[in-house]
Amino acid sequence: MKNKMVLKNKDVVSEDKKESWLYSDTVKDHFFRPRNVQLKDPKSGEFNGVGMVGSPACGDVMIIWIKVDPKAGRIKKCTWRTFGCASAIASTSMLSVMVTRQGGMKITDAEKVTPKDILKELGGLPARKIHCSVLGDQALRAAIEDYKRNLNIKNQKVK
């Protein structure tokens, strides 16, 4: 009966039952109801930046699509897809909200978003899951770099 009491107070318990941890309500909310998930491949031209990080071989892959308003330099839309754990899903869901709220984050500010910023918004993650929060910001940076490359190519063609 004592084990059942311990298990009730923990969200996740290791197989050997020697380790357990809790997720914040915000993490659980973004895991069970992720925002801005891109389940189908986007239509051509729907986004102007895409970034992918991770490795299918190890199991964690993250792809982020962004739509940037080039005149305002703000991210208007950010969608994502991942093959990862609950922490990776919740972290990227939160990241997508962070960069699109209030009219969209400026690219220069989005480039400065760190896993620590995402963790703060989530109310933290268990120490052993913090590494999962880096996939989102790495994919976002890759998408921003792709957007800049695409913009540069487009501007060169216009001239």
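How many of the 10 residues of β4 are buried? Seven of the 10 are buried (under 20% relative accessible area, with exposed over 50% and partly exposed in between, for a 1.4 Å probe and protein chains only), so β4 is largely enclosed by the rest of the structure. The structure is a predicted model, in which local features need pLDDT of at least 70 and side-chain atom pairs count only at pLDDT 80 or more, while totals for chains, interfaces and linings use all residues. Residues are numbered from 1 along each chain as its sequence is written, and side-chain values use heavy atoms, with hydrogens and water left out.

The protein chain contains six helices and five strands. Helices (H or I, at least four residues) and strands (E, at least two) are DSSP runs, numbered from the N terminus. Read from the N terminus, the order of elements is α-β-β-α-β-β-β-α-α-α-α. The protein chain has 159 residues, of which 38% count as buried. Among its contacts (heavy atoms within 4.5 Å) with a separation of 6 or more, 58% are made by residues 24 or more positions apart.

Three strands form an open sheet in the order β3-β4-β5, and their pairing is antiparallel. The edge strands are β3 (49–55) and β5 (74–83), each of which pairs on one side only. From one strand to the next, the twist averages 15 degrees. Strands of a sheet pair through backbone hydrogen bonds, either parallel or antiparallel. Two strands are taken to pair if DSSP finds at least two bridges between them. Seven bridges link β3 to β4, and Ser55 stands opposite Asp60 in β4. Between β4 (residues 60–69) and β5 there are nine bridges, again in the antiparallel sense. In this pairing, Trp65 is opposite Thr79 of β5, and Ile66 has Cys78 of β5 as its bridge partner. The hairpin of β4 and β5 has four residues between the strands, and Gly73 there takes a positive phi near 65 degrees.

Trp65 also takes part in an aromatic pair. Rings of Phe, Tyr and Trp (its six-membered ring) pair if their centres lie within 6.5 Å; planes under 30 degrees apart count as stacked, over 60 as edge-to-face and the rest as tilted. The whole structure holds two such pairs. In one of them, Phe47 and Trp65, the ring centres are 6.5 Å apart and the planes stand at 40 degrees, so the pair is tilted. Phe47 lies in the loop between α2 (25–32) and β3, whereas Trp65 belongs to strand β4, so the pair ties together parts that are 18 residues apart in sequence. Both Phe47 and Trp65 are buried.

Helix α3 (residues 86–100) lies across β4 and β5. Its direction is at about 170 degrees to β5, where axes are lines fitted to C-alpha atoms, for helices over the stretch in contact, and angles run from 0 to 180 degrees between N-to-C directions. The 15 residues of α3 reach 22 Å from the first C-alpha to the last, close to the 21 Å expected at 1.5 Å a residue; the expected span is 1.5 Å times one less than the number of residues. Of these 15 residues, 12 are buried, so α3 is largely enclosed by the rest of the structure. The buried residues include Ser87, Ile89, Ala90, Ser93, Met94 and Val99. After α3 comes Gln102, whose phi is positive, near 55 degrees.

Phe31 is located in helix α2 and counts as partly exposed, at 30% relative accessibility. Not counting residues up to four places away in sequence, Phe31 touches Ala86, Ile89 and Ala90. The C-alpha atoms of Phe31 and Ser93 are 7.8 Å apart, although 62 residues separate them along the chain. Asp146, in helix α6 (residues 134–158), is buried, with a relative accessible area of 14%. With residues up to four places away in sequence again not counted, Asp146 touches Asn48, Gly49 and Val50.

No disulfides (pairs of cysteine sulfur atoms within 2.5 Å) are found in a search of the whole structure. Cys78 is buried at 2% relative accessible area, whereas Cys85 is partly exposed at 22% relative accessibility.
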